[in-house]
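Please look over the sequence and the three-dimensional structure shown below before reading the report.

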Amino acid sequence: FLECNNCSEVNVMPRSKTKDKSQSKSKTKPKARSRSRAKSATKISNVCVVCDEWGDSADFGCDECCNAYHDECLDEEFRGGAFTTCEDLGKECDFERPLYTFEFGPKIQSVIKSKRTRSKKASNRSRIGGSNSTKVQHYKSCTYQGVEYRIGDDVEFQLSEDHAYWGVARITRIIKESDAFPSFGLIWFWRAKELNATSTSTTAATSTTADMATSVSMADKRGSDADIETHELLLDEEYAQTMEIVALIDNTASCKVMVVESSDEYLRQIKNRKDENDYYDVFWCTHAYSNKSKKKSLICPNAIQSRRISHISPAPKAG
């Protein structure tokens, strides 16, 4: 399965080089504009292209590309929205940079995470939030590209070819560390088809290239025995990991998946499905699986439906 926290290579476009302002700045300074940007000629990101700070919405944007800026990240002469395009700021428009819209929901807590050091003095400093510490903030939810994600939601991630392209996981935490993309704490689902094929499988909730080809060819055969088998998952609450939000499988639509508690409910959902825009796909899950013990167990009643993130497998009986 996954051996690192960044299983997917996410391409973030580098920032454009700054031009000489004397050559690129307009002769007439543009008028300051309203913060509402209601009549902007193009859609803009709300992630500042200068500081790249997620969760702190940018104030103004370019009228020709999706670049956005915090007021405090601009030179004084351009504050208050006194620019129209990136060229006014002495920069180039970046038409390849993805359009990101993001905001955090209610905050749960903030934690100071200390980095391990060998120096006792440095270690003492890190305990009080010094240079060797990182602030980690936890949230109940977040909204990414217009879709709200909450703790307990099941989502699909884009993984590298080494990890069979994609995987399904349940969100247990929504976190933001200093100078990092917002991330999800996760517990992963295993694909029942893979566990049935071999008891030593080490790839969780991922499809092989052959599986992907089969899924595509069976797009018009939803509800067949093979389709039901392909969409069965097993949840491993002991297999925890962290993934950056930009590794979600689709940056233009909902990446939430619907996981139901029986194959009968799965058939009902795909037959009557009217919410394709709300869910990327539908799966079903009746059992948990422990990669440590290599054992399956029935999931506690309503654990999937109630979006439970712990105590999913029944506790072993004493004696």
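## Basis of the model

This is a predicted model, in which local features need pLDDT of at least 70 and side-chain atom pairs count only at pLDDT 80 or more, whereas totals for chains, interfaces and linings use all residues. Residues are numbered from 1 along each chain as its sequence is written, and side-chain values use heavy atoms, with hydrogens and water left out.

## The sheet E3-E6-E7

Three strands, in the order E3-E6-E7, form an open sheet with antiparallel pairing; strands here are DSSP runs of E with at least two residues, numbered from the N terminus, and two of them pair if DSSP finds at least two bridges between them. Strand E3 (102-104) and strand E7 (147-150) are the edge strands, each pairing on one side only. On average, neighbouring strands of this sheet are turned by 20° against each other, direction ignored, where axes are lines fitted to C-alpha atoms and angles run from 0 to 180 degrees between N-to-C directions.

Strand E6 (residues 141-144) and E7 run antiparallel and are joined by four bridges. Threonine 143 has glutamate 148, in E7, as its bridge partner.

## Glutamine 137

Strand E5 (residues 133-139) contains glutamine 137, which counts as buried because its relative accessibility is 17%, buried meaning under 20% relative accessible area, exposed over 50% and partly exposed in between, with a 1.4 Å probe and protein chains only.

The side chain of glutamine 137 makes polar contacts with the side chain of lysine 107 at 2.8 Å and with the side chain of tyrosine 139 at 3.3 Å. A polar contact is a pair of N or O atoms within 3.5 Å; within protein, one must be able to donate a hydrogen and the other to accept it, and residues adjacent in sequence count only if both atoms are side-chain atoms. When neighbours within four places in sequence are left aside, glutamine 137 is in contact (heavy atoms within 4.5 Å) with Lys107, Gln109, Ser110, Ile174, Ile175 and Lys176.

Asparagine 302, placed in the segment after strand E14 (295-298), has a phi near 70°, a positive value in a residue other than glycine. Its relative accessible area is 40%, so asparagine 302 is partly exposed.

Histidine 311 also lies in the segment after E14, and its phi is positive, at about 55°, although histidine 311 is not a glycine. Histidine 311 counts as exposed because its relative accessibility is 63%.
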